[in-house]
Amino acid sequence: MDQVQEVRRNRAVVAASERVETLMLEGELEEADLLKLCEDLMHRLHRGTRQVVLDFADVSHLNYRGVRPLMARTEQFRRAGGDVKLSGLSPYLAAIFRAAGAHDTFELYPHMNDARAAFQLARAPFV
């Protein structure tokens with residue numbers, strides 16, 4: 001009985017680590033909002049989530065001071081074998097990320113489905 005529960009628990013951990021979670025952000029994101037987002041990402045990381053897409057399609061502005069904490073959280077995901085990918089950045093938001101020093105930190109995708117697919121492609125076996 002204990003072995004069955006252990007197998008189920010292991011499957012749940014594997015399923016959580018392979019699942020891609022997409023967070024759809026909106027509005028103007030101040031530094032405090034981005035710090036809350038970083039806290040949320042940390043909780044997800046502790047729960048076993050390893051693959052996250054942050055969709056900025058409905059974000060009109062973000063405070064550059066929140067970018068560095070987001071970079072640090074992304075590095076924690078990578079050390080755990082995962083990643084955080086960004087999608088839907090307008091040219092304005094991309095400029096804020098570049099100005100904050102994050103121009104080569106994140107993989108950027110035009111649409112959240114592209115970012116989600118990138119995680120799938122990374123797991124696909126070579127044929």
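**Chatting through the fold**

Trainee: Hi! Which residues in α2 and α3 meet each other?

Mentor: From α2, Leu34, Leu35, Leu37, Cys38, Leu41, Met42 and Leu45 take part, and they meet Val67, Pro69, Leu70, Arg73, Gln76 and Phe77 of α3. Keep in mind that this is a predicted model.

Trainee: And by class, what does that contact have?

Mentor: The contact of α2 with α3 has 11 nonpolar residues, along with 1 polar and 1 charged.

Trainee: At what angle do the two helices pack?

Mentor: Helix α2, residues 31–46, and helix α3, residues 67–79, pack at about 10°, and their axes are 9 Å apart. Angles under 35 degrees count as roughly parallel, so α2 and α3 are roughly parallel to each other.

Trainee: Let's zoom out. How many helices and strands does the protein have?

Mentor: There are 5 helices and 4 strands. Starting at the N terminus, the order of elements is α-β-α-β-α-β-α-β-α.

Trainee: What percentage of the residues count as buried?

Mentor: Out of 127 residues, 41% count as buried. As for contacts between residues at least 6 apart in sequence, 80% of them join residues at least 24 apart.

Trainee: Now the prediction itself. What pLDDT does the protein average?

Mentor: The average is 87, and 83% of the residues score at least 70.

Trainee: Good to know. On to α4: which of its residues are buried?

Mentor: Helix α4 covers residues 91–99, and its buried residues are Leu93, Ala94, Ile96 and Phe97. They span an arc of only 155° around the axis, so they sit on the same side of α4.

Trainee: Which residues are exposed on the other side of α4?

Mentor: Pro91 and Ala99 are exposed there.

Trainee: What do the buried residues of α4 pack against?

Mentor: They pack against β2 (51–62), α3 and β3 (83–87). That brings α3 back into the picture: α2 meets α3, and the buried residues of α4 pack against α3 too.

Trainee: What about Ala95, where does that one lie?

Mentor: Ala95 lies in helix α4 as well. Ala95 is partly exposed, with a relative accessible area of 32%.

Trainee: One last spot. Is Asn63 buried or exposed?

Mentor: Asn63 is buried, at a relative accessible area of 11%. You'll find Asn63 in the loop between β2 and α3.

Trainee: Which residues does Asn63 touch?

Mentor: Not counting residues up to four places away in sequence, Asn63 touches Leu29, Glu30, Glu31 and Leu34. Leu34 is also one of the α2 residues that meet α3.

Trainee: How far is Asn63 from Glu28?

Mentor: Their C-alpha atoms are separated by 8.3 Å, while the residues are 35 apart along the chain. Glu28 belongs to strand β1, residues 20–29.

Trainee: Is Glu28 buried or exposed?

Mentor: Glu28 is exposed, with a relative accessible area of 53%. Leaving aside neighbours within four places in sequence, Glu28 is in contact with Asp33, Ser60 and His61.

How values were computed. Residues are numbered from 1 along each chain as its sequence is written. This is a predicted model: local features need pLDDT of at least 70, side-chain atom pairs count only at pLDDT 80 or more; totals for chains, interfaces and linings use all residues. Side-chain values use heavy atoms; hydrogens and water are left out. Axes are lines fitted to C-alpha atoms, for helices over the stretch in contact, and angles run from 0 to 180 degrees between N-to-C directions. Angles under 35 degrees count as roughly parallel, over 145 as roughly antiparallel, 65 to 115 as roughly perpendicular and the rest as oblique. Contact means heavy atoms within 4.5 Å. Ala, Val, Leu, Ile, Met, Phe, Trp, Tyr, Cys and Pro count as nonpolar, Asp, Glu, Lys and Arg as charged, and the others, Gly among them, as polar. Buried means under 20% relative accessible area, exposed over 50%, partly exposed in between (1.4 Å probe, protein chains only). The arc is that of the directions from the helix axis to the C-beta atoms. pLDDT is the predictor's confidence in each residue, from 0 to 100.
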